[in-house]
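Have a look at the picture, try each task yourself, then check the worked solution.

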Amino acid sequence: MNGMTRSVIAVCLLLAGCGGRSGSSRAADTLPERQRDSMLARSRIPGAGGVGAALRAADSTNARIRATDSVAP
């Protein structure tokens, strides 16, 4: 084998080894979408404030819908 072939095989093995999921990411998959979004909104990731604003808007809309549904005709 030449050096190029060995390099390609080494890179493929490295990528295959990195393809597994860690235990912490599996635990995060068990959280409901709302909890994941809430955690994201509290993070320092760019754009996280937009996620928080969207959650607040959804909460507000849901509250208005519940209030409207509870009014007797």
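Predicted model: local features only at pLDDT ≥ 70, side-chain atom pairs only at ≥ 80, totals over all residues.

**Exercise 1.** Work out how many helices and strands the protein has, and in what order the elements run.

*Solution.* Start by counting: the protein has four helices and zero strands.

**Exercise 2.** Find out what share of the residues is buried, and how much of the accessible surface belongs to carbon and sulfur atoms.

*Solution.* First, the cut-off: a residue is buried when its relative accessible area is under 20%. Of the 73 residues in the protein, 4% are buried. Next, the surface: the accessible area is about 6,100 Å², and carbon and sulfur atoms hold 63% of it.

**Exercise 3.** Decide how helix α3 and helix α4 are arranged, and which residues make the contact.

*Solution.* Begin by locating the pair: α3 covers residues 33-41 and α4 covers residues 48-70. Their axes come within 7 Å and cross at roughly 130°. Angles from 65 to 115 degrees count as roughly perpendicular and those over 145 as roughly antiparallel, so α3 and α4 are oblique to each other. As for handedness, the crossing of α3 past α4 is left-handed. On the α3 side, the contact comes from Arg34, Asp37, Ser38, Leu40 and Ala41, while α4 brings in Ala48, Val51, Gly52, Leu55 and Asp59. Sort those residues by kind and you get five nonpolar, two polar and three charged.

**Exercise 4.** Is leucine 40 buried, partly exposed or exposed, and which residues does leucine 40 touch beyond its neighbours within four places in sequence?

*Solution.* Find leucine 40 in helix α3. Its relative accessibility is 31%, so leucine 40 counts as partly exposed. Now skip the neighbours within four places in sequence: leucine 40 is in contact with Ile45, Ala48 and Val51. Finally, check a distance: glycine 52 is twelve residues from leucine 40 along the chain, and their C-alpha atoms are 8.1 Å apart.

Terms used:
Residues numbered from 1 in each chain as written. Heavy atoms only, no water. Axes fitted to C-alpha atoms, helices over the stretch in contact; angles between N-to-C directions. Helix = DSSP H or I, 4+ residues; strand = E, 2+ residues; numbered from the N terminus. Parallel < 35°, antiparallel > 145°, perpendicular 65-115°, else oblique. Left-handed = near helix turned anticlockwise from the far one by under 90°. Contact = heavy atoms within 4.5 Å. Nonpolar A, V, L, I, M, F, W, Y, C, P; charged D, E, K, R; others polar. Buried < 20%, exposed > 50% of the residue type's maximum accessible area, 1.4 Å probe, protein only. Areas by Shrake-Rupley, 256 points an atom, 1.4 Å probe, with all protein chains shown as cover.
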